[in-house]
Structure formats: structure tokens, C-alpha cells
Amino acid sequence: LKRHAQTAQQAQERLALLAPAAEKLTVFNTKGFDSDETVCLGDVQAAALVDETGARIPVQQTAQGAVAHLRGLPSKGWRTYGLSAEPAEVTTPFAQAGNRLETPYYVVELDGSGLFSRLYDKTYQREVLKPGEKGNLLRMYEDKPIYYDNWDIDIYYTEKYWDVTDVQSLRWTEMGPVRATLEVERKVSNSLIRQKIHFYAHSRRIDFESYVDWHDHQHLLKVHFPTDVHSDEATFEIQFGNVKRKVHQNTSWDVARFESCGQKWMDLSEGHYGVSMLNDCKYGHSVKDSVIGLTLIKSGIEPNPTTDQEVHHFTYAIYPHAEKWQAAGTVPQAFFLNQPALAVQGGKPGESFSLAGLDAPNVVLETIKRAEDGDGAIVRMYECENSLTNVTLDWNLPFHAAESCNCLEQPDGEPVEVKDGKITFTVKPYEIKTIRIR
């Protein structure tokens, strides 16, 4: 992993064509769509970034490095910014008093244990959490399944549990033009949990950056958010798509579905409002009575007696939104969390480049690679909203032909039109589409 990280850093530096003086910053967007996201800039010592129009973008200095919210980062490409010691003219968009915080999107109230006692959505004028219940509730369950201790979770695990409410410290560590951060440290049994909760000035997402030093056996750690959302089904991401599952307990099959697998995100939505939960490496979800849960640590003892006895780093997030997850942009938000933009000092002033991009927001450009037989490049994408879609692919390098292939990179005979340097084709609902470009 270390060697891979070094190779990636070298590739970024070569693309940025580092200048002798570090007065420029190049930001790489490896995702298959233009992005607006908060970017970690590393040890950049600047008060603002300057884009190609001369506009100043505020930079917030934190203990972990500089951060800035950047808009319009090109799909599969990069943009270069200037560095300025002169700050941008902007006021702090947060109002904090004790355990109450007002952001551009929310009113957040915390109890003495650092739990969310209220999360009010200012934009849509509604409570996100059920009245009287607590959000970001970490709970440790006794977990002793009958078989396959390091894999199974039996339905009776909920019968014995402890709420994690022992707070060692609670303090606001950041309050600037980009984000506000609350740092909470808790102890439970033999383990330590430290979280940095990030509230953003330009995003509805709330991130829970977590450090856990775990030393408990046969105990399951979950986090719960009791949402004020009425629905009998939830949506869970799977590879190259998503699936809906019922969350009621009307039948024995429904009862058995107390833990559902999902990758980068899951969503619970009613008619015109919902809450998505995003994560960067955790895949066990639960939804019961509109309470969204995410399994964080399992710590079984068979066959490995020391499973999870180590330091864990992970981040999960909640993303309250209007309408369903499709219109709310849950998929891009999950990519922002899992595939953040990368920054390296250097570059050519005002330079911007996009290798490839699509004109359909419901089709995700997932992979670009060299063809296995060495003949051209492979572009792989998938449709994520169950909708037949006509798609145009912009490929910003010289090419002379494009064809549709199957996943083995063999021609499948599907029509592809090339005109004026653009590649047009049709993607079926939930189809994994592969295009070879020569």
C-alpha cells in the first residue's frame, strides 16, 4: 500500500509539472463527473486559492492541513489554482454557542453526552430526527453467534447492549469559512472512540471521522440515527447499482432481514424527503422503525481470537435531502466521501483538463483502463437509476473509432455513433456498459 501511494504521488507530480516555486496548486478529480467538494490541500500555507478568472476561494487552516471548497473540478481531470496570502472576503457562516451550532443548512443541538438531541433542516423546515431521540448514538452489543463467530450476526444480538455515553472530552476545534468541527472522545469498556464531526459551509453532508482503539471481544459496535422519515423500504448500493429492500417485519423473511449489505451508501426516503447514510469502508446496515444503523466493528474470536483488536480509522456521514436519493445526488456524495479529490503543489497557471465525461447524471463513468489486448482504451460505466438513457461520451484525446463491448472486452454489436469527436450510445436500465476507444 505504501508503494502504491508513492507511485500515485509521483504520477500526480508528473502530471502537475511541478514548478520550482510552489505558488500553484493542482487538484485532481479522479471521479467520472464534474465535482463540487471540500478538498484537503495538505500543508499548503495560503489564505486563498485563485482560479483562472481571478476569483478568490477561501482556505481554512486546520491541525490536519488546509481545506477549501472547490467547484467544477473537471471529470477525470484536473484544475490548477494560484496560491495567495491575501484572504478571500468571506465571513464565518457558523454561529456556535455552547452545544448549539447553526450552519447554513441546519440547527444542531447536542446533549451533555455529545449526542444529537436535535437536527433541524432550515432549508426544508423540518426535523431530521425523531423528537426525544438521539442521533449518532454509538451502541455496543454483546455478539455471540451460534456459528461462524467472525462472520455471523444472530438476530438476538440486540437483547444485551450498552449505550456509549461516557464522554472524556467535548470541544469545538474548527470554526472557519469552510467547516466547523466538533471533537468528541468517549470510552466504553476497554476501548476508546474519538470522533471529529464536520459540518460544512457548502454541503448538506455531515461527516463523522472516527478513530477507534478497540480492545473488546465478541462485542458489536453500531451507530444509530432515528430519522423522522416514514417508509417501508430502503435502498442500498451494490456494485454497479443498487437494490431496494423492505424494512418492515410483516413476514418471517422480513424479520430475518435485520442486517442488510450495502456498499458506499444506503437511503431511507418518504415522498419528498429522505436521509442517506454514506460510509467509506463499512457494509452492514440496519433499518427498523426508521432508525438507520451501521455496523462499525464486530470483534469475533473464532477462528481468529484477536479480530479487530487494533486501531480503526473510518468515516461515515449522514446526508439529509429533499426528494428521493436520485434527485438529491446521493451517488455523487458517496463518491466524494470515498474518492476525494487529490491536491499537489505545482502546475501550469490557469490549466484545466478533463480526459472524459458523460452528459447523463444517472450514468456513472466508473473506470478507464488500457484494453487487455493493448488495443485502445476501455471506458466502463453503469446506469444507476433504472432508466434507459441516451448518453454522449466526451473523450478529449485523439481517437478514430469506438465500439461497444461486453465485460470481457469483446464486441457485442450494440450501436455506437461517433460524430464531431463525441461518442453517442444507449445504456439500458442498470446496464454495465463498456466502450472501447481506439
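**Salt bridges in a predicted model**

K369 is partly exposed, with a relative accessible area of 24%, where partly exposed lies between buried (under 20% relative accessible area) and exposed (over 50%), using a 1.4 Å probe and protein chains only. This is a predicted model, in which local features need pLDDT of at least 70 and side-chain atom pairs count only at pLDDT 80 or more, while totals for chains, interfaces and linings use all residues. Residues are numbered from 1 along each chain as its sequence is written, and side-chain values use heavy atoms, with hydrogens and water left out.

**The overall count**
- A search of the whole structure finds 33 salt bridges, each being a side-chain nitrogen of Lys or Arg within 4 Å of a carboxyl oxygen of Asp or Glu.

**K369 and E409**
- K369 forms a salt bridge with E409, and their closest N and O atoms are 2.6 Å apart.
- This pair links distant parts of the chain, since K369 is in strand β31 (residues 363-370) and E409 is in the loop between β34 (402-405) and β35 (417-419), 40 residues apart; strands are DSSP runs (E, at least two residues), numbered from the N terminus.
- E409 counts as buried, at 9% relative accessibility.

**K264 and E237**
- K264 forms a salt bridge with E237, with the closest N and O atoms 2.9 Å apart.
- Both K264 and E237 are buried.

- R118 forms a salt bridge with E109, the closest N and O atoms lying 3.8 Å apart.
- R118 is partly exposed, with a relative accessible area of 26%, and E109 is partly exposed, with a relative accessible area of 26%.
- A network of salt bridges links R100, E102, E109, R118, K122 and E127.

How values were computed: Helices (H or I, at least four residues) and strands (E, at least two) are DSSP runs, numbered from the N terminus.
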